[in-house]
Amino acid sequence: MQKKNFRIILDQGLCVKPATELVHLVMKFHSEISLKAFQKQIDFKSLMGILSLGICGGTEIEVTAEGQDEKEAITAITQKLIELNLAIEL
């Protein structure tokens, strides 16, 4: 299992456009990938799940991947969050 924590830095938080890009990325991996915020954990492959969390700027999130490509998944998610100026690593 691979796990990484981030802080969302985009004022709008994890809104539809960046969330959609992240879901498209995460769908490429076979591992089970989850997103945790506000003590709620959801499937990172679910756009509606992500949006239901209402993640705003300043929110700390935890991303967990478990499976055959877990390391690659965490690396790709980290790169995408930083590339989109969405989050910083904690």
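A word on ground rules: residues are numbered from 1 along each chain as its sequence is written, and side-chain values use heavy atoms, leaving out hydrogens and water. Since the model is predicted, local features need pLDDT of at least 70 and side-chain atom pairs count only at pLDDT 80 or more, while totals for chains, interfaces and linings use all residues.

Let's start with helix H3, residues 70-83. H3 has 14 residues and reaches 20 Å from its first C-alpha to its last, close to the 20 Å expected at 1.5 Å a residue. That expected span is 1.5 Å times one less than the number of residues.

Which residues of H3 are buried? They are Glu-70, Ala-73, Ile-74, Ala-76, Ile-77, Thr-78, Lys-80 and Leu-81. Buried here means under 20% relative accessible area, exposed means over 50%, and partly exposed is in between, using a 1.4 Å probe and protein chains only. As a reminder, an α-helix has 3.6 residues a turn, so residues three or four places apart point the same way.

And what do those buried residues pack against? Their partners are helix H1 (16-26) and the strands E1 (2-8), E2 (32-37), E4 (60-66) and E5 (87-89). Just after H3, Asn-85 takes a positive phi of about 55°.

Now have a look at E1. It pairs with E4 in the antiparallel sense over six bridges, where pairing asks for at least two DSSP bridges between two strands. Asn-5 stands opposite Glu-62 in E4. E1 also runs antiparallel to E5, joined by three bridges, and there Arg-7 has Ile-88 as its bridge partner.

Finally, the loop between E2 and strand E3 (40-43), where we find Gln-39 and also Phe-38. Neither is a glycine, yet Phe-38 has a positive phi near 55° and Gln-39 one of about 60°. Is Gln-39 buried or exposed? Gln-39 counts as exposed because its relative accessibility is 78%, whereas Phe-38, at 47%, is partly exposed. Gln-39 also takes us back to Glu-62: the two are 23 residues apart in sequence and 9.8 Å apart in space, C-alpha to C-alpha.

Terms used:
Helix = DSSP H or I, 4+ residues; strand = E, 2+ residues; numbered from the N terminus. Contact = heavy atoms within 4.5 Å.
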